[in-house]
Amino acid sequence: MAARGRYYFAIFTVAFATLAYQILMTRFFSVMLYYHFAFAAISLAMLGLTRGAIHVFQNPERYTAENVAAQVARHAALFAITGVGTMALFLCAPLVVPEPLLAGVLAAATLAFVLPFTQSGICVTLLLTRLPFGGGWMYAADLSGAALGCLGVILALLVVDPVSATLWMAAFTAGAGWLLTAGGAPSRAVRFSGAVALTIAVAAAAHTGLHASGRGLGVLWAKGVPQTGTLFERWNTYSRVRVIGLGVSAPEGWGFARQQEGKIDQDRLDIDADAATVITRFDGDLSKVAYLRNDVVNAAYLVQPADHVAVVGVGGGRDVLSARYFGAGRITGIEINPAIFEVLTDRFGDFSGHLDKLPGVALVNAEARSYINHSSERYDLVQISLIDTWAATAAGGLTLTENRLYTVEAWQDFYRALNPGGMLSVSRWYRPGAYAAEFYRLVAIAATALENTGVPAGDLRNHVIAVNAGNIVTVVTRPQAFTDAAWRDARAKLEAEGFKVLLGPDVAFDDVTSTILAGEADAAFYDSLPENVAPSTDNRPFFFYTARLRDIFGGARSIVAEAASAGGESSGAGSTVSRVVSAIFQAASAPFKNNIAVATTVILIIGTLFACLYYVGIPFVRLARRVPLSVLSPPVAYFSAIGMGFMLIEVAQMQRLMVFLGHPVYGLAVVLFTLLLFSGIGSATVGRQPAGMASVALRAAGLLAVLVAVGLATPGITAWAQSAATDVRILLSIALLAPAGLFMGMMFPLGLSTWRRDAELLPFFWSANGIMSMLASVAGVALSMEVGIAETYAAGVAFYVGCTAILLAARGSLAKAAASRPAGGVVAAR
């Protein structure tokens, strides 16, 4: 039993490290490259795990039941070496690679991260498929380790930097492999894993100390810029926050209508080396920040005065200063990122004038929509100025923090938080004559939200004002119409400041906005436009992405068809692939990078489909030559369906409940943790031996009933409890997730016990599960963007319907075989 416990601990540790490493990889990608590269993290992880499973399947003579311990120890140590080595190479490349080649080298180096996941994939496959006591409890340990891995990395990044976290994680993984072989006869595996664990542990301790003194290995180059002059740096699961000094210079602004004279002392605060905000030295003299009047993001104050203001996304405190300058008596600043909050209120508090301590100012570390929903405060103005971080959250995928601020339901929440006559001001990117997609979508969201609050369609134009300066547009809306007198006064002030009025009660922009503000924009109208500017909703909260996936795929198909028709005249497959990739990124290009993430998603889908063909399709065809399809097809389809179903439901619930919970970090700490933990508990309820038909049927029925009930209940419960306290919303989320996780966790060990007799094929079944999970991780994002989160969840349920049908049919065949067996006899081998 003690030896068995070591195996459970080994798979627990490997799973813990695998998920933690994936999250750390997401953070590195988001900082050094661009956030859309971070979307590939889960795909690279799944690809590595699949490669590991296929390697075990293709080398049965090397990976036998007798040498599992030694092989797991060896590959756990290799996971530690390749994980640390790849991370170090990724960070140190700027020291040895010429700068013109660096971006390409780093992009190519992302593929190297497949190597450590391949090693952990070998470990997990061996432990799940080669041990006589594998099954429910082993899979439970695997899922529990993954669950605690997502929680552990959150806690780790609160106390150490990501490089130190990677080193400690690698040391513990190699140590778990050593423990598996310790106590036996001295062997190469014992010495190798022990030496690796000890060496990396020493390096981890040393680097932790160096980082505490400010001398550790960090990001040397990010997004084409050397990372020098850093005054402060903090990592967490949201982003990497860095402060650099700008010195006394011209005032920084988003959309000034005229050239600003004079200089002021400022620091720059950047997020993942891309999105930025300014910290202004403030000594209490408001005359020194008079330039704020001429920034178009503050246009709402010229429309009408505001006494109580809610600033969404405090950043460096610039909007708080604006509210003070315009005479607001009460200011509530809401900042989601604790690292940014620390910068403003602690590390650079003296520099910024301790805005948090000014009379009437309250700064809170919270997610704005969640905070406003459960607060009793009412505001004269809610200001949202260019809230986008260009950072991939640790939850991965396209689930970005700010998306939940730019939906119809969110704006209805903000409208409910306004005093009578109160305004909502939202500023976004806009380039006159070149880029208006975000402007159109803001108008579409406003029109829909206002109609939902009771504004007649014919009166919408009296509730919306839009002004422009530079590359910024500010849209100001309110549930109560602007009177003619109020609008005339506001327009005079706006134009006197040099702002261009794009929309107003008596100002029309173009046919698109006129149709929207007439209440005549339907689905057909939005489909007719070159870009997708339909109002984003909580079910499709992808505000930033205006390129349609179907349009991008259509362009790629046209190129492939053209190449095929050219036949021998074609310049070759390589040229066709290059043209397809180029066309995809060109179709998704936009002045402000947003739609590059959509192009990345399309590339990942295409790449994943090829991976499915290579790792499942081709081996399946080869196996079919010696294994009857009636034997091979059901388990392959079953494990593939589990991979698709689990991941689609995970993606959908993570996206949906992150909006409900508020913080993106809850996608890990609550959603993913709960699903994995309760899936582990469900797995532990399944024994190694095949259960009876009645038991399997009961579990299958329970699974489908729970999934349907959870899918139907989630929207209603989240809407009902959106104003509840955070702890209540967490408990409700767990209540929604736990039953689904419990039953989904039963399906994999049920499959293992059903097809355990095909022991030599189990690694292939596991690889099919992994590669289809990889496909689902990308397809889930694409489906959510194209049709909605609820529909993505429904697709996941459909895959579970299919896998339960396959399982029941297989168990029925087993029952018939058992019934036909002569008493005391045996069943003939196939």
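Q: How exposed is Arg281?
A: First, the basis. This is a predicted model, where local features need pLDDT of at least 70, side-chain atom pairs count only at pLDDT 80 or more, and totals for chains, interfaces and linings use all residues. Residues are numbered from 1 along each chain as its sequence is written, and side-chain values use heavy atoms, without hydrogens and water. Arg281 is partly exposed, at 43% relative accessible area. Buried means under 20%, exposed over 50%, and partly exposed in between (1.4 Å probe, protein chains only).

Q: Which residue does Arg281 meet in a salt bridge?
A: Asp265, at 2.8 Å, N to O. A salt bridge needs a side-chain nitrogen of Lys or Arg within 4 Å of a carboxyl oxygen of Asp or Glu.

Q: How many salt bridges does the structure hold?
A: 18. One of them joins Arg242 and Asp270, with the closest N and O atoms 3.1 Å apart.

Q: Are Arg242 and Asp270 buried or exposed?
A: Both are buried.

Q: What about Asp413, which residue does its side chain meet?
A: Arg369, in a salt bridge of 2.8 Å, N to O. Both Asp413 and Arg369 are buried. Salt bridges with shared partners join Arg369, Asp413, Arg416 and Asp538 into one network.
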